[in-house]
Every structure is written in structure tokens, then in C-alpha cells.
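I opened my notebook for a first look at this one. Here is what I looked up, entry by entry.

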Amino acid sequence: MNTKLKQKLEQVAVKNGILAMEWIGGSLYVKFQGSLPIIKADRTHIELRKIMKKHDADSGVNLFSVGDEWVYDFVPASAEAPYVDYSGEHIPQEIDTMINLENEMALGK
């Protein structure tokens, strides 16, 4: 994976309020700050998938939880796990607003 693409993928994680991030092999390990990390992880997963599909239609992203970290594994489309979108309309407005406020506070806004 090229450096520009990695930076673009990292920006998505930063935007969603990370505490720590590290590349290990071809996988991106992320710790989210604040409450509701599962929703932040899901939002990040959706955005990463869109970027990867736009970059290469034959690519995919798998999401795994490992302790308090979330692992985004970049794989060929044939190895991508089935995906269900639990974000967007399924997130109550109050929670969505709270996550956005936490992210802005973390970025110093």
C-alpha cells in the first residue's frame, strides 16, 4: 500500500477521534478515545471501505476487535467478510451529536 493511501486512511481514523494508531503489517490498529468506541469504529470502517473501493474495486476492509483496539485489515474483495451497516440512521441523534462533540473537543475545536 502506498504512503499517500495510508495517510488518507489515517486521516479517517483521526477524524473519528483516535487515542492511538499503528500500522502492523497490512493492518491498521486503532484505539478510540471517549465513549461509544464501537460506533466510532463502525463509522471508520464505512469510510475506509469507501476509500478502498474507490482506490481498487477488488479490495476490502475487515474489522476486528482486539481488547480495546480495533483492527482494520485490508484484504482482497474475495476475502472481505460480509458487512452490515449499523451506523447512520441506526444511531440515535443524541448519541451522534455526542460523538461529534467529543471528536471536536479532542481536536481542540
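I began at the hairpin of S3 and S4, which has 2 residues between its strands and a positive phi near 65 degrees at glycine 67. Strands here are DSSP runs of E with at least two residues, helices are runs of H or I with at least four, and both are numbered from the N terminus. I noted that this is a predicted model, where local features need pLDDT of at least 70, side-chain atom pairs count only at pLDDT 80 or more, and totals for chains, interfaces and linings use all residues. Residues are numbered from 1 along each chain as its sequence is written, and side-chain values use heavy atoms, with hydrogens and water left out.

S3 (residues 59–66) pairs with S4 in the antiparallel sense over 8 bridges; two strands pair if DSSP finds at least two bridges between them.

I then traced an open sheet of 4 strands in the order S1-S2-S4-S3, with antiparallel pairing. S1 and S3 are its edge strands, each pairing on one side only.

**Valine 30**

Which residue is the bridge partner of methionine 21 in S2? I found valine 30 there. Beyond its neighbours within four places in sequence, valine 30 is in contact (heavy atoms within 4.5 Å) with residues including Ala13, Ile18, Trp70 and Tyr72.
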